[in-house]
Structures are given as structure tokens and as C-alpha cells.
Amino acid sequence: MWTWLPFQVVGVADPKPFAREKLREQHQIAESNTFEDWRIVAEREKFADAVIIATPDRLHKDPAVAFARRGYHVLLEKPMAVTAADCSEIVSACAQSAVMLAVCHVLRYDPAVRKIKELIGCGAIGDVVHIQHLEPVGFYHFAHSFVRGNWRNEEESSFSLLAKSCHDLDLIHHWAGGRRCIKVSSFGSLSHFTKENKPPEATERCLDCPVEGSCPYSASKIYLDRVKQGAVGWPVSVVCPSSIPDIESVTEALRTGPYGRCVYQCDNDVCSNQVVNMEFEGGVTAAFSMVAFTEEICNRKTTIHGSKGELCWNGGSQVQVFDFLSQRTTQHNAESKVPGNFSLVGHGGADYHLIDSFISAVACGDPSLIRSGPEETLSSHRLVFEAERARRESRVVFCGAEED
């Protein structure tokens with residue numbers, strides 16, 4: 001039986017009329033609490049307990065600081081901000097105002113991730129020696145989000161290790177027991193999605209392209225084919241932010257908007273593949289790989305090598321542990337209990353658990369219910385910034401030894 005805590009959405013701010021009105025109707029929000037700009041809300045007298053900030057990456061810091069200072073508890077979309085200094089300012093503002101901060105590191109709330117942490121904690125594999133972690137982004141996901149989409153250009157959003165993989169470095173930091181990372185190296189680049197790789201016959205837009213049929217990144221395949229099958233959720237829903245997706249609206253969006261562009265003719269500059277190598281206190285090492293060119297979509301794969309065993313997770317709810325002494329493998333099931341009528345079922349049910357934990361923390365006044373709180377999240381974000389510095393400067397970075 002589910003115990004529901006009282007929670008009501010009482011206001012919304014969004015510059016896009018379609019999205020704003022949709023949320024207003026969905027939650028029956030009063031017209032007086034419907035706004036085009038978050039700044040208007042921040043100037044008003046406080047009228048809610050908490051705020052969810054889901055602005056673009058570069059617009060996280062200002063609203064987070066402003067609402068914290070007004071006394072709102074904050075649920076902030078990841079990444080916290082696009083510089084280490086701004087991340088620190090957010091944490092400081094929340095601490096000074098005595099409000100709770102939860103960052104949407106949604107994987108922290110995945111039951112399998114929690115099971116892994118539990119198994120490490122109870123000594124199932126002995127002392128952690130090495131963590132190997134892969135994020136397969138997915139070929140069409142990368143083309144959608146990081147070639148054509150909102151996170152394609154660092155000047156407009158952030159570098160891909162922060163935008164896409166701050167989740168993953170946070171998990172590694174978490175599984176390493178919160179040990180401080182001593183040094184880090186990283187390598188990576190933008191591969192394939194460049195003007196140099198554009199086929200000679202290709203045009204600037206997929207709908208007019210004579211070689212579209214032989215291109216796996218065709219906008220027609222990724223979007224129109226889905227609409228024809230009745231699938232109008234992500235990624236199709238992103239293509240038409242101002243209307244309901246259908247054949248006509250999606251076709252027009254591909255003809256005129258950013259998602260219809262040739263993947264070899266975009267203004268993208270973020271890495272499509274990157275590796276990060278880390279050494280933590282006590283000699284624990286970790287290796288992370290992010291790659292765009294995969295069949296699987298964000299189905300992380302992790303192997304943690306311990307002094308007494310080996311733990312493997314290939315996404316999903318099953319965690320496997322091989323014990324060196326008995327030479328037996330044990331399967332551990334991390335069941336996700338999510339109400340059947342709940343719509344947020346992504347990330348193995350972690351979307352639900354994140355929202356549930358934040359609401360419970362606010363309702364009970366208990367920040368310990370938040371699994372992605374300020375200090376540990378700030379530490380893992382700093383690790384991301386230091387890893388990216390290592391990549392850019394082609395050197396090993398000794399963490400914390402230099403100013404941001």
C-alpha cells in the first residue's frame with residue numbers, strides 16, 4: 001500500500017506559452033501564479049515550500065541562488081551549474097538560508113545503484129580496488145541531443161562530460177566511498193559529426209536529401225517514422241515545443257527547425273567520446289568511458305573489482321557478485337516499486353524515487369532523505385571540471401592543487 005504525502009503544484013514560470021499553459025492546465029494552477037519569467041516569482045512574497053528548477057544549463061545558478069535566499073527548498077536539474085564557482089555559490093546560498101538542496105542526479109535513486117552501494121558497504125567484494133564504468137549514449141540519442149539539440153554547443157550549454165556524464169562521475173565518486181580524487185587524466189574529442197564527413201551529395205536538411213535513406217542519423221528516421229507509429233514522446237516531443245506532435249507539425253519542424261538539419265552541417269562542438277581515469281585516496285582507481293556510437297541508449301555497464309570479489313551490473317535490476325573464496329556467483333535483485341499510475345518510469349523507476357525523496361524530505365523536514373545533497377554533489381561536480389581540464393590541457397591534473 002502506498003502512503004501519499006500531500007503535495008500540490010501551485011505555480012509555474014516558463015517563457016514558452018505552450019509549455020506554460022500545458023502545465024497550468026495539468027496542475028490546475030491559478031492564472032495569478034502563472035508567469036513568463038522566474039524573476040517575477042522570485043520578487044514575490046514566498047508562496048510555496050519548494051521550487052523545481054529545470055532551466056537550461058547556463059541558467060541554473062541565478063534562479064537557484066535567488067529562490068534559496070527567498071527561503072525555498074530547491075530541486076535543481078543537473079548539472080548544478082556550468083562553472084565550479086557557480087556550483088559553490090549555489091551550495092553556499094542554500095546553506096546560508098538553511099534550505100534543502102537536491103540535485104537531479106537521478107541515478108543515485110536507481111534501486112540497482114543503491115543495491116551496489118549496499119553490497120560494497122557490507123563487504124560483499126571486500127575492499128574496492130577498481131571501478132570500470134561505461135555510458136553508451138546511443139547513436140540517435142547523441143545525434144538528437146548533442147549534434148542537433150540543446151546540448152550540442154558548449155557556448156550555449158556546457159561540455160558533454162558535464163551535460164551528459166556528471167551522473168556517471170557522481171556514481172563513481174559515490175561508490176568509491178566519498179574518497180577524495182587525488183589525480184585525473186582524460187582524453188576525448190568530437191568524432192564523425194563534422195563537415196569533413198558530410199557525403200558529397202548530402203543537402204543541409206534531411207527532408208530534401210537524396211542520400212537520406214542510407215544515413216542512420218536521418219531526421220526522417222528518428223522523428224517522422226516514430227510519429228507514423230504513434231510514438232510522440234521523447235525525442236519527438238522535443239521537436240515541437242510549441243504544439244502537439246503530429247505528421248504535419250513534425251514535418252514543418254524538420255523543414256525549418258534545428259532537428260531537421262544534416263548531422264554533418266550543424267554548429268556542434270562537444271565531445272562524442274571521452275575517457276576519464278581517476279585515482280582516489282587509498283589507491284582506488286577508476287576508469288570511465290562515454291561513447292556516442294552505441295546501440296544501447298544510456299544502459300550503463302559497471303564492473304567493480306574488490307579484494308574478495310567482483311561485482312557486475314549491466315543496467316536493469318540485476319546485480320551480480322562473484323565471490324573469490326567460494327567461486328560462486330550470486331544474483332541480487334534490486335526491485336523498483338513504483339505506483340502503477342505514476343507516469344515517471346524512466347531510469348529504472350529512479351525518476352519516481354527522486355521526486356518522492358525530495359517531497360518526503362520537504363514534508364518531514366529531513367534532508368537525510370535526499371540522496372544527492374549539496375556537499376557530495378559539489379565534490380563530484382568539481383571532479384568533472386578537473387577531468388575536463390585534464391582533457392583540454394593534455395595532462396594529469398592533481399585535484400584541488402589549482403584554482404578553478
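At 9% relative accessibility, H141 counts as buried (under 20% relative accessible area, with a 1.4 Å probe and protein chains only). This is a predicted model, in which local features need pLDDT of at least 70, side-chain atom pairs count only at pLDDT 80 or more, and totals for chains, interfaces and linings use all residues. Residues are numbered from 1 along each chain as its sequence is written, and side-chain values use heavy atoms, with hydrogens and water left out.

H141 is placed in helix α6, residues 139-148, where helices are DSSP runs of H or I with at least four residues, numbered from the N terminus. When residues up to four places away in sequence are not counted, H141 touches F146, K164, W234, I297 and C298, a contact being heavy atoms within 4.5 Å.

## Packing of α4 against α13

Helix α4 (residues 84-96) packs with helix α13 (residues 374-393) at an angle of about 175°, and their axes are 10 Å apart; the axes are lines fitted to C-alpha atoms over the stretch in contact, and angles run from 0 to 180 degrees between N-to-C directions. The two helices, α4 and α13, are therefore roughly antiparallel to each other, a term for angles over 145 degrees.

On the α4 side, A84, C87, S88 and V91 meet P374, E375, L378, H381, R382 and F385 of α13.

## Histidine 353 in helix α12

H353, which lies in helix α12 (residues 350-364), is buried, with a relative accessible area of 12%. Leaving aside neighbours within four places in sequence, H353 is in contact with Y109, P111, S336, K337 and V338.

Conventions:
Buried < 20%, exposed > 50% of the residue type's maximum accessible area, 1.4 Å probe, protein only. Parallel < 35°, antiparallel > 145°, perpendicular 65-115°, else oblique.
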